[in-house]
Amino acid sequence: MVNQTRINLSLNLFSFSKLLTLNYSIVEKIMFPIYPDLNKKHILITGGSNGIGEALTRTFAEQVSQVTILDLDHNKGLKIAKDCESLGCKVNVYPVDLTNTSELQNALKKIRKETPTVDVLINNAGYDPRYQLLEMSETEWNHLFQLNVVHYFITCRELLPDMIQAGGGSIIMTSSHVFWIAKPDMIAYNTTKAAVIGLVRSLATAAGKHNIRVNAVAPGWIMTERQLEQWVTPEAKQKTVHELQSIPIELTPNELMGTYLFLASESSRAITRQTIVVDGGYAQS
Ligand SMILES: NC(=O)c1ccc[n+]([C@@H]2O[C@H](COP(=O)([O-])OP(=O)(O)OC[C@H]3O[C@@H](n4cnc5c(N)ncnc54)[C@H](O)[C@@H]3O)[C@@H](O)[C@H]2O)c1
């Protein structure tokens, strides 16, 4: 009798967990609501060809009529653009080295001429090298800032006048939960991501009167292709997911998309100067 109860219970638990898995995959497909106010918007994404940026390009393409991406990886950008044609979204791909300010400025000039005003700017491209402070050269430090911070500033400076004239917009910048985790071999990276939060906070104060909102998303450890190739070990992943995160799920770019969409949409029209941490409950932010 007891054994039968146990069998029934474990069968029930098995069905329940299957149901959860099933529901989870259904939820994954319908996770992102369509925001009607985004429909006619023009979104610009830096680093839109791979990783989190690729997910952003594909996710926003389902919502809007026009996405522009700036990325070194031109071929991948073109492939994504082709895939998105069937969604009725035009994806403009500009091959740019974001660490080269004059190249970036020229591309932005072209974009301002050739495409409608950018309504939502997503500064996303970045790199996360590991260095001990004593081993890092000034050149490496400056180069990292050029990608992780300076291009964020340049895009804002060049695109804000049009947003002001258009009567508003949303700027979203990718920071990192590393700001709170404070990993010892990521001092330079962490400093760049802290700078992004500073930029977000002050720019939000300055631009609010023009109906321009500025927010940051701070992802946790997101299992992108590059992370898997470069940094992820089975031990580190196991520890992060099962010991350090409150919610023990492997984080993919998908887990971030709802937050970016919400911050882009007018649904968050009173939200500005914020940093939203999306890391499965790891950082004590
Ligand atoms: N993946 C994570 O775990 C994680 C966690 C926290 C924050 N972030 C941040 O998220 C953002 C995206 O990271 P990701 O993991 O998707 O990176 P990724 O390396 O997968 O993709 C970065 C994209 O930026 C482009 N890029 C890089 N340098 C460039 C340059 N100089 N000029 C033009 N394009 C360039 C690459 O070609 C690529 O398409 C970064 O700011 C990163 O710091 C990532």
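In which sense do strand 6 and strand 7 pair, and over how many bridges? They pair in the parallel sense, over 4 bridges; two strands pair if DSSP finds at least two bridges between them.

Before the tour, note that this is a predicted model, in which local features need pLDDT of at least 70, side-chain atom pairs count only at pLDDT 80 or more, and totals for chains, interfaces and linings use all residues. Residues are numbered from 1 along each chain as its sequence is written. Helices (H or I, at least four residues) and strands (E, at least two) are DSSP runs, numbered from the N terminus.

Select strand 6, residues 212-219. Of its 8 residues, 8 are buried (20 or more other C-beta atoms, placed from the backbone, within 10 Å of a residue's own). I212, V214, A216 and A218 point one way, while R213, N215, V217 and P219 point the other way.

Next, select helix 7, residues 187-207. Its buried residues include Y189, K193 and L203. Among the elements covering the buried residues of helix 7 are helix 5, strand 5 and strand 6.

Finally, select the ligand. It is surrounded by 27 residues, and G47, N50, G51, I52 and G126 are the closest (a residue is near if its C-beta atom, placed from the backbone, lies within 6 Å). Helix 2 (51-61) and helix 8 (225-230) each give two or more residues to this shell, and helix 2 gives the most, with 3.

Notes
The expected span of a helix is 1.5 Å times one less than its number of residues. A residue is buried if 20 or more other C-beta atoms lie within 10 Å of its own, exposed if 12 or fewer, and partly exposed in between; C-beta atoms are placed from the backbone. Two residues are in contact if their C-beta atoms, placed from the backbone, lie within 7 Å.
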